[in-house]
Amino acid sequence: MDFSLNEVQMMLADSIEKFIANEYDFDARQKHSGSELGYSEEVWKTFAELGWTAVPFSEEDGGFDGGPVDMMVVMERLGRGLVVEPYLANVVLAGGILRRGGNSTQKSEWLSPLISGKLQATLAFAEPQARYDIANIATTAVRDGQSFVINGSKGYVLNGGNAELLIIPARTSGSQSDERGITLFGIAADTAGVSIQSYDTIDGQRAAEIQLTNVSLTAASVIGEVGGGFQTLQSTIADATFAVSAEAVGIMNVLTEKTIAYTKSRFQFGVPISSFQALQHRMVEMYVACEQSRAIMMWAAMAVTEGGETSAHAVHSLKYQIGIAGTRVGEEAVQIYGGMGMTWEMDVAHYFKRLTAITLMFGNADWHLDRLAGSATP
Amino acid sequence: MNVTFTTAENEFRSEVRKYFKEEFPQDVLEKQRKAIPLTREDTVRWHKNIYRKGWAAPSWPVEYGGTGWSSVQKYIFADEQARASAPAFLPFGISMVGPIIYTFGNDEQKKRFLPDILEFNTWWCQGYSEPGAGSDLASLKLRADLEGDHYVLNGTKTWTTLGQYADWIFCLARTNSDVARRQEGISFVLVNMKQPGVSVKPIVLLDGEHEVNEIHFDNVQVPVKNLVGEEGKGWTYGKVLLQHERATITGVANLKYMLSRLCSLCAKSIKGAEPLSDDRTFMRKVAAAKVEFKALEYTELRTLASVASGKAPGPESSILKIVGTELRQRIDSLYLEASGYYALPYVRDQYDSTYPEEDRVGEGSETNAALVYFNDRKVSIYGGSNEIQRNIIAKHVLGL
């Protein structure tokens with residue numbers, strides 16, 4: 001029994017922490033977020049140079065051969081730094097599909113430049129009508145001789161405005177929520193018939209609504225088997241659910257630490273407000289929420305590493321926990337900061353917004369609890 | 001990062017499981033499964049059984065009769081104990097006064113008291129709380145006045161769990177009132193209850209059970225040789241004891257099996273109705289409790305792994321009492337809800353062997369669900385109320 005990180009994981013943690021401390025303060029983050037791209041190309045280059053974009057990929061694919069624990073190490077620290085660079089969209093989502101389903105040509109054309117930071121990519125996992133059901137796909141891909149013609153809409157495509165490669169799940173057969181009949185396509189963003197409407201999100205990131213109108217592709221664009229893309233999609237979304245949860249744990253800890261520090265420096269009635277029991281107990285609850293979430297995150301990291309049925313169960317549990325505990329910690333931080341927590345100027349408000357966005361991504365607390373309530377697993 | 005057990009640890013688990021299945025008194029397990037209170041005789045008998053096995057004191061040093069188990073072995077033992085529905089050790093001797101005596105007592109006291117605690121020849125109870133001293137324990141008023149080679153005790157202790165069965169009581173008593181801080185001038189004394197001046201008055205709790213007592217001391221003579229450690233240092237010793245108490249209250253292992261019993265009850269079709277396990281609204285509450293349990297379990301495992309690698313338990317261990325007791329109460333309330341009408345009959349002693357079969361009402365553990373629910377309100381109150389626990393975390397962990 002061992003809950004510690006190994007040497008490589010500690011080095012990884014250390015290098016990210018140093019980068020955040022030295023080069024990624026809140027002002028820098030705000031600058032990158034508000035820039036035209038919505039992130040810093042410079043920073044992204046650094047991520048690639050330091051090997052962080054290579055973490056989950058096999059050595060054969062040019063990666064670091066990291067597992068869920070390594071991903072947890074990275075994401076928790078990106079959370080602590082409130083990083084806006086598109087790590088989730090590129091490495092976890094698009095990368096997750098390509099490493100699982102990509103053939104050698106696709107890996108060399110798409111995955112290698114993604115890992116080296118030269119290609120921006122994303123996965124369009126959501127459709128406007130589907131809510132959190134990733135199998136609910138109305139976008140169609142109809143075979144036309146040697147090619148496919150795609151029509152449909154994708155919503156909340158992270159990094160959609162900057163991505164050069166879009167990975168689009170489309171239905172080649174079956175009914176709208178059928179797990180069978182889903183095919184994954186890799187599409188260049190500048191292909192005729194692709195229209196992209198990019199927008200800012202509440203958490204200082206970027207997403208896009210994408211319309212696909214008679215987009216014509218050759219069979220070379222198919223990632224994996226025609227009609228057999230669901231497994232790859234599901235595993236990748238499970239990865240992403242785990243990843244944003246770890247990011248949330250990082251954010252929750254920062255919020256708790258900052259709130260505690262703030263109450264010690266804020267004086268009212270002639271004393272620091274940290275001396276008030278009503279506030280102390282609320283901060284203890286924030287601390288409990290952080291520790292409980294960390295415990296579930298560690299369980300999930302180990303369960304996902306093991307694989308099997310417990311793995312899905314642990315990820316549902318984790319995202320449910322994050323939904324409940326994250327909301328609580330975020331709202332409490334703002335309440336205890338008082339008026340200052342309401343201002344755009346304070347980093348606390350921005351951590352709160354990112355946390356809130358995460359609670360709504362890849363299934364909210366209710367959605368995951370429903371999965372747990374319907375399964376017999378202990 | 002992993003939570004796998006070694007081959008030796010797995011073999012140890014099998015050995016413990018076999019013990020509870022084959023050597024432990026099975027009638028005691030049966031009562032526990034039905035949530036029927038144990039008699040004094042039951043409690044003495046199973047403790048003596050475990051003593052004969054050599055496992056009476058998992059946490060004590062080997063030189064005093066402890067098992068010498070690693071923290072992982074202790075965890076496995078507690079897990080198997082709960083899995084078998086075996087009762088937890090009565091804490092007053094083994095977890096509370098024993099460690100105080102071997103840590104702060106003299107050689108004579110160790111020789112005199114420890115073997116009987118181990119073999120369960122003496123039943124101990126705890127004299128901490130007083131009518132005027134609950135959360136504010138340092139305001140205690142039991143007086144111990146030195147007269148020659150005796151202290152003379154006058155005052156009252158309360159909430160004394162199973163004091164009606166006890167032979168001895170360990171007390172925090174005031175030996176000096178003229179002190180700068182109230183925490184000073186308190187001493188830790190061991191008192192034989194079978195002597196003039198000690199009277200035990202029952203307090204019946206809301207579940208109708210006589211579990212706790214008020215103990216009156218009227219000019220009770222206590223020889224000076226029964227003072228543990230230094231006079232006036234009792235508060236320091238007592239605080240150490242409270243930490244032991246908090247660690248034993250959590251009962252993480254037990255919660256796992258409470259949850260599994262709850263799930264079995266849900267799966268049962270009660271009196272022709274659809275099983276509750278088909279009711280999504282209810283099962284969502286059960287699922288949420290399971291997630292909370294998993295978090296608690298892994299917080300405990302983290303603490304355990306940290307201790308096993310020779311480090312002190314991390315600050316995360318401070319949340320165990322709060323989370324463990326509040327989750328326990330939540331599971332109790334789900335069990336109550338799941339039991340429906342059959343939580344309501346209040347038929348005392350109906351599981352005694354002498355009780356006429358035809359007069360029994362209901363069946364199985366749901367008939368005790370309400371009593372367990374009511375009785376367990378205590379867990380967030382005793383051992384330092386959960387509000388006091390939050391004060392402690394605020395001060396010592398968060399530095400507020």
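Domain bounds, as used in this tour, come from an automatic or database domain assignment. The model on display is predicted.

**First stop: the domains of chain B.** Select residues 7–88 of chain B for domain 1, residues 124–232 for domain 2 and residues 251–397 for domain 3. Then keep domain 1 and domain 3 of chain B in view: their centres, taken over C-alpha atoms, are separated by 20 Å. Where the two touch, 15 residues of domain 1 of chain B meet 12 residues of domain 3 of chain B. Next, highlight helix H4 of chain B, residues 71–83, which gives the most to the domain 1 side of this contact, namely 8 residues. That side of domain 1 consists of 7 nonpolar, 4 polar and 4 charged residues.

**Second stop: where chain B touches chain A.** Display both chains; 30 residues from chain A and 30 residues from chain B take part in their contact. On the chain B side, select helices H9 (280–308), H10 (320–339) and H12 (386–397), the elements that each give two or more residues. Which of the elements gives the largest share of this side? H9(B) does, with 15 residues. By type, the chain B side divides into 21 nonpolar, 3 polar and 6 charged residues.

Select helix H4 (residues 68–81) and helix H8 (residues 277–306) of chain A, which pack at an angle of about 145° with their axes 8 Å apart. Show the side chains of Pro68(A), Val69(A) and Met72(A) on H4(A), which make the contact with Met297(A), Ala301(A), Val304(A) and Thr305(A) on H8(A). These contact residues comprise 6 nonpolar, 1 polar and no charged.

Terms used: Residues numbered from 1 in each chain as written. Chains lettered and ligands numbered in written order. Predicted model: local features only at pLDDT ≥ 70, side-chain atom pairs only at ≥ 80, totals over all residues. Contact = placed C-beta atoms within 7 Å. Helix = DSSP H or I, 4+ residues; strand = E, 2+ residues; numbered from the N terminus. Nonpolar A, V, L, I, M, F, W, Y, C, P; charged D, E, K, R; others polar. Axes fitted to C-alpha atoms, helices over the stretch in contact; angles between N-to-C directions.
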